[in-house]
Amino acid sequence: MTRARLDRRPDEVAAMFDGVAKRYDLMNRVMTFGLESRWRREAMETVDPQPGMTILDLAAGTAVSSVVLASAGARVVAADFSLGMLEQGRKYGNVVSLVAGDALRLPFADESFDVVTISFGLRNVADVDAALGEMLRVTKPGGRLVICETSQPARPILRFGNRTWLRMLPTVASRFSSNPAAYRYLTESMLTWPDGDTLGRRIAESGWGGVQWRGLTFGVVALHRATRP
Ligand SMILES: C[S@@+](CC[C@H](N)C(=O)[O-])C[C@H]1O[C@@H](n2cnc3c(N)ncnc32)[C@H](O)[C@@H]1O
(Lines give C-alpha, C1' and ligand atoms only; values in the text may rest on other atoms or scores of the structure.)
Protein backbone atom coordinates (compact mmCIF):
# COMPACT_ATOMS: atom_id res chain seq x y z
CA MET A 1 0.00 0.00 0.00
CA THR A 2 1.28 3.47 -0.92
CA ARG A 3 1.69 6.05 1.78
CA ALA A 4 4.04 8.95 2.22
CA ARG A 5 6.33 9.46 5.18
CA LEU A 6 6.48 12.64 7.19
CA ASP A 7 9.54 13.88 5.29
CA ARG A 8 7.00 14.26 2.45
CA ARG A 9 9.18 13.03 -0.40
CA PRO A 10 7.49 14.49 -3.50
CA ASP A 11 7.41 11.19 -5.42
CA GLU A 12 5.81 9.42 -2.45
CA VAL A 13 3.25 12.18 -1.82
CA ALA A 14 2.24 12.35 -5.50
CA ALA A 15 1.97 8.55 -5.75
CA MET A 16 -0.09 8.40 -2.57
CA PHE A 17 -2.59 10.97 -3.86
CA ASP A 18 -2.69 9.23 -7.26
CA GLY A 19 -3.73 6.12 -5.33
CA VAL A 20 -6.62 7.73 -3.42
CA ALA A 21 -7.79 10.08 -6.20
CA LYS A 22 -10.87 8.18 -7.33
CA ARG A 23 -12.50 8.18 -3.91
CA TYR A 24 -10.86 11.34 -2.55
CA ASP A 25 -13.93 13.61 -2.69
CA LEU A 26 -16.18 10.95 -1.14
CA MET A 27 -13.67 10.25 1.64
CA ASN A 28 -13.44 13.94 2.49
CA ARG A 29 -17.19 14.19 2.89
CA VAL A 30 -17.30 11.08 5.09
CA MET A 31 -14.35 12.00 7.31
CA THR A 32 -15.48 15.57 7.94
CA PHE A 33 -19.20 14.75 8.32
CA GLY A 34 -19.80 17.04 5.34
CA LEU A 35 -18.14 20.02 7.06
CA GLU A 36 -15.55 20.36 4.29
CA SER A 37 -18.11 22.04 2.01
CA ARG A 38 -18.63 24.71 4.70
CA TRP A 39 -14.85 25.22 5.00
CA ARG A 40 -14.55 25.53 1.23
CA ARG A 41 -17.36 28.08 1.19
CA GLU A 42 -15.62 30.15 3.88
CA ALA A 43 -12.36 29.97 1.93
CA MET A 44 -14.14 31.01 -1.24
CA GLU A 45 -15.72 34.01 0.49
CA THR A 46 -12.27 35.03 1.71
CA VAL A 47 -10.81 34.70 -1.79
CA ASP A 48 -13.79 36.76 -3.01
CA PRO A 49 -13.43 35.81 -6.69
CA GLN A 50 -14.56 38.42 -9.21
CA PRO A 51 -14.93 38.33 -12.99
CA GLY A 52 -11.61 39.25 -14.58
CA MET A 53 -9.47 38.00 -11.69
CA THR A 54 -6.79 35.38 -12.28
CA ILE A 55 -6.59 32.90 -9.40
CA LEU A 56 -4.17 30.07 -8.74
CA ASP A 57 -5.64 27.18 -6.74
CA LEU A 58 -2.45 25.41 -5.72
CA ALA A 59 -2.35 21.73 -4.71
CA ALA A 60 -5.86 21.79 -6.13
CA GLY A 61 -6.23 18.00 -6.19
CA THR A 62 -9.50 17.07 -7.88
CA ALA A 63 -10.23 20.79 -8.50
CA VAL A 64 -13.17 20.60 -6.11
CA SER A 65 -12.47 24.12 -4.77
CA SER A 66 -11.26 25.52 -8.10
CA VAL A 67 -14.58 24.90 -9.79
CA VAL A 68 -16.43 26.86 -7.10
CA LEU A 69 -14.05 29.80 -7.55
CA ALA A 70 -14.53 29.68 -11.31
CA SER A 71 -18.30 29.82 -10.93
CA ALA A 72 -17.93 33.48 -9.93
CA GLY A 73 -16.42 34.29 -13.32
CA ALA A 74 -12.74 34.35 -12.33
CA ARG A 75 -10.11 32.63 -14.47
CA VAL A 76 -8.88 29.77 -12.30
CA VAL A 77 -5.74 27.69 -12.74
CA ALA A 78 -5.78 24.44 -10.74
CA ALA A 79 -2.21 23.18 -10.24
CA ASP A 80 -1.11 19.94 -8.61
CA PHE A 81 1.70 17.42 -9.02
CA SER A 82 -0.58 14.38 -8.73
CA LEU A 83 -1.78 13.61 -12.23
CA GLY A 84 -4.26 11.12 -10.75
CA MET A 85 -5.91 13.88 -8.71
CA LEU A 86 -5.96 16.32 -11.65
CA GLU A 87 -7.48 13.61 -13.84
CA GLN A 88 -10.54 13.63 -11.58
CA GLY A 89 -10.90 17.37 -12.25
CA ARG A 90 -11.41 16.70 -15.95
CA LYS A 91 -15.07 15.98 -15.23
CA TYR A 92 -15.60 19.74 -14.89
CA GLY A 93 -14.65 20.26 -18.56
CA ASN A 94 -12.74 23.45 -19.35
CA VAL A 95 -14.23 25.50 -16.50
CA VAL A 96 -10.76 25.54 -14.89
CA SER A 97 -7.29 25.10 -16.42
CA LEU A 98 -5.62 21.99 -15.01
CA VAL A 99 -1.84 22.33 -14.78
CA ALA A 100 0.70 19.76 -13.61
CA GLY A 101 3.15 21.58 -11.37
CA ASP A 102 5.18 21.39 -8.19
CA ALA A 103 4.49 23.96 -5.45
CA LEU A 104 8.25 24.22 -4.90
CA ARG A 105 8.98 25.16 -8.54
CA LEU A 106 5.81 26.70 -9.90
CA PRO A 107 5.63 26.75 -13.71
CA PHE A 108 4.37 30.35 -13.76
CA ALA A 109 6.01 33.71 -14.36
CA ASP A 110 6.55 36.21 -11.52
CA GLU A 111 3.49 38.31 -10.60
CA SER A 112 0.97 36.24 -12.61
CA PHE A 113 -1.99 35.97 -10.19
CA ASP A 114 -4.35 38.30 -8.32
CA VAL A 115 -4.93 35.64 -5.66
CA VAL A 116 -3.14 32.41 -4.78
CA THR A 117 -5.07 29.97 -2.64
CA ILE A 118 -4.25 26.54 -1.26
CA SER A 119 -6.69 24.27 0.58
CA PHE A 120 -5.48 21.30 2.61
CA GLY A 121 -2.35 21.31 0.49
CA LEU A 122 0.34 23.25 2.37
CA ARG A 123 0.56 20.54 5.05
CA ASN A 124 1.61 18.07 2.36
CA VAL A 125 4.46 19.96 0.71
CA ALA A 126 8.02 18.95 1.51
CA ASP A 127 9.21 22.51 2.22
CA VAL A 128 6.51 24.85 3.55
CA ASP A 129 8.70 27.97 3.57
CA ALA A 130 9.83 27.39 -0.03
CA ALA A 131 6.19 26.94 -1.11
CA LEU A 132 5.20 30.18 0.66
CA GLY A 133 8.07 31.91 -1.19
CA GLU A 134 6.97 30.50 -4.55
CA MET A 135 3.39 31.62 -3.92
CA LEU A 136 4.69 35.11 -3.13
CA ARG A 137 6.73 35.17 -6.34
CA VAL A 138 3.77 34.36 -8.62
CA THR A 139 1.37 36.80 -6.88
CA LYS A 140 1.04 40.35 -8.19
CA PRO A 141 2.08 43.15 -5.80
CA GLY A 142 -1.02 43.94 -3.73
CA GLY A 143 -2.40 40.47 -4.55
CA ARG A 144 -3.57 38.09 -1.88
CA LEU A 145 -2.90 34.68 -0.36
CA VAL A 146 -5.64 32.51 1.20
CA ILE A 147 -4.69 29.29 2.99
CA CYS A 148 -7.28 26.83 4.31
CA GLU A 149 -5.65 24.07 6.36
CA THR A 150 -6.30 21.77 9.27
CA SER A 151 -5.24 23.22 12.62
CA GLN A 152 -5.15 22.67 16.36
CA PRO A 153 -8.08 23.96 18.47
CA ALA A 154 -6.86 26.29 21.23
CA ARG A 155 -9.09 24.92 24.01
CA PRO A 156 -7.52 21.80 25.54
CA ILE A 157 -10.77 19.80 25.65
CA LEU A 158 -11.46 20.49 21.97
CA ARG A 159 -7.86 19.79 21.06
CA PHE A 160 -8.09 16.45 22.87
CA GLY A 161 -11.38 15.58 21.11
CA ASN A 162 -9.97 16.52 17.72
CA ARG A 163 -6.78 14.50 18.24
CA THR A 164 -8.82 11.49 19.35
CA TRP A 165 -10.90 11.69 16.17
CA LEU A 166 -7.80 12.11 14.00
CA ARG A 167 -6.30 8.96 15.54
CA MET A 168 -9.48 7.06 14.62
CA LEU A 169 -9.40 8.17 10.97
CA PRO A 170 -7.29 5.30 9.59
CA THR A 171 -9.77 2.80 11.06
CA VAL A 172 -12.73 4.66 9.56
CA ALA A 173 -10.87 5.02 6.25
CA SER A 174 -10.22 1.28 6.10
CA ARG A 175 -13.95 0.80 5.47
CA PHE A 176 -14.18 3.24 2.56
CA SER A 177 -10.77 3.93 1.03
CA SER A 178 -8.82 1.95 -1.53
CA ASN A 179 -5.65 2.89 0.37
CA PRO A 180 -6.14 3.07 4.17
CA ALA A 181 -2.36 3.40 4.64
CA ALA A 182 -2.58 6.86 3.07
CA TYR A 183 -4.89 7.90 5.89
CA ARG A 184 -2.27 6.94 8.48
CA TYR A 185 0.00 9.49 6.82
CA LEU A 186 -2.82 12.07 6.80
CA THR A 187 -3.47 11.52 10.52
CA GLU A 188 0.22 11.90 11.35
CA SER A 189 0.54 15.01 9.19
CA MET A 190 -2.45 16.64 10.91
CA LEU A 191 -1.27 15.74 14.43
CA THR A 192 2.11 17.35 13.79
CA TRP A 193 0.90 20.46 11.90
CA PRO A 194 1.41 23.83 13.71
CA ASP A 195 -1.39 25.86 15.28
CA GLY A 196 -2.76 29.02 13.64
CA ASP A 197 -0.46 31.51 15.40
CA THR A 198 2.66 29.53 14.55
CA LEU A 199 1.67 29.17 10.90
CA GLY A 200 0.77 32.87 10.77
CA ARG A 201 4.28 33.81 11.94
CA ARG A 202 5.80 31.54 9.32
CA ILE A 203 3.73 33.15 6.57
CA ALA A 204 4.90 36.61 7.68
CA GLU A 205 8.53 35.44 7.83
CA SER A 206 8.21 34.36 4.19
CA GLY A 207 7.65 37.98 3.15
CA TRP A 208 3.85 38.23 3.17
CA GLY A 209 2.23 41.29 4.77
CA GLY A 210 -0.96 41.84 6.78
CA VAL A 211 -1.23 38.23 7.92
CA GLN A 212 -4.54 37.44 9.65
CA TRP A 213 -6.22 34.18 10.52
CA ARG A 214 -9.33 32.76 12.11
CA GLY A 215 -10.40 29.31 13.18
CA LEU A 216 -13.34 27.41 11.66
CA THR A 217 -15.42 24.77 13.49
CA PHE A 218 -13.85 25.34 16.93
CA GLY A 219 -10.41 25.70 15.37
CA VAL A 220 -10.05 22.30 13.70
CA VAL A 221 -9.42 24.26 10.50
CA ALA A 222 -7.64 27.62 10.14
CA LEU A 223 -8.14 30.17 7.40
CA HIS A 224 -5.11 32.43 6.91
CA ARG A 225 -4.93 35.40 4.61
CA ALA A 226 -2.13 37.75 3.68
CA THR A 227 -1.16 40.31 1.06
CA ARG A 228 1.90 40.65 -1.12
CA PRO A 229 3.44 44.03 -0.21
C1 LIG B 1 -5.27 16.84 0.78
S2 LIG B 1 -5.13 17.16 -0.94
C3 LIG B 1 -6.00 18.68 -1.12
C4 LIG B 1 -6.66 18.80 -2.45
C5 LIG B 1 -7.61 19.99 -2.62
N6 LIG B 1 -6.92 21.26 -2.52
C7 LIG B 1 -8.74 19.96 -1.65
O8 LIG B 1 -9.03 20.99 -1.03
O9 LIG B 1 -9.40 18.91 -1.53
C10 LIG B 1 -3.45 17.68 -1.03
C11 LIG B 1 -2.97 17.89 -2.45
O12 LIG B 1 -1.69 18.51 -2.41
C13 LIG B 1 -0.96 18.06 -3.52
N14 LIG B 1 0.45 18.37 -3.31
C15 LIG B 1 1.22 18.03 -2.26
N16 LIG B 1 2.46 18.51 -2.41
C17 LIG B 1 2.47 19.18 -3.61
C18 LIG B 1 3.46 19.89 -4.32
N19 LIG B 1 4.71 20.01 -3.86
N20 LIG B 1 3.12 20.47 -5.48
C21 LIG B 1 1.86 20.35 -5.98
N22 LIG B 1 0.88 19.68 -5.36
C23 LIG B 1 1.18 19.10 -4.17
C24 LIG B 1 -1.29 16.58 -3.56
O25 LIG B 1 -0.97 15.98 -4.81
C26 LIG B 1 -2.78 16.59 -3.25
O27 LIG B 1 -3.55 16.64 -4.43
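Predicted model: local features only at pLDDT ≥ 70, side-chain atom pairs only at ≥ 80, totals over all residues.
**Backbone entries**

I began with Glu 111, which I located in the loop between strand E3 (97–100) and strand E4 (113–119); helices (H or I, at least four residues) and strands (E, at least two) are taken as DSSP runs, numbered from the N terminus. Residues are numbered from 1 along each chain as its sequence is written, and side-chain values use heavy atoms, with hydrogens and water left out.

I noted that phi of Glu 111 is near 55 degrees, a positive value in a residue other than glycine. Most residues other than glycine have a negative phi. I then looked up the accessibility of Glu 111 and found the residue partly exposed, because its relative accessible area is 39%; the classes are buried under 20% relative accessible area, exposed over 50% and partly exposed in between, with a 1.4 Å probe and protein chains only.

Ala 63 sits in the loop between strand E1 (54–58) and helix H4 (64–70), and I recorded it as buried because its relative accessibility is 0%.

**Salt-bridge entries**

I searched the whole structure for salt bridges and found twelve, counting a side-chain nitrogen of Lys or Arg within 4 Å of a carboxyl oxygen of Asp or Glu.

One of them pairs Asp 11 with Arg 9, at 2.7 Å from N to O.

Lys 140 is partly exposed with a relative accessible area of 31%, and Asp 114 is partly exposed at 22%.

My last entry concerns Glu 134 and Arg 137, which form a salt bridge with the closest N and O atoms 2.7 Å apart. Both residues lie in helix H6 (residues 128–138), three residues apart, or about one turn of the helix. I noted Glu 134 as buried, with a relative accessible area of 12%, whereas Arg 137 is partly exposed at 25%. Tracing the shared partners, I found that salt bridges join Asp 110, Glu 134 and Arg 137 into one network.
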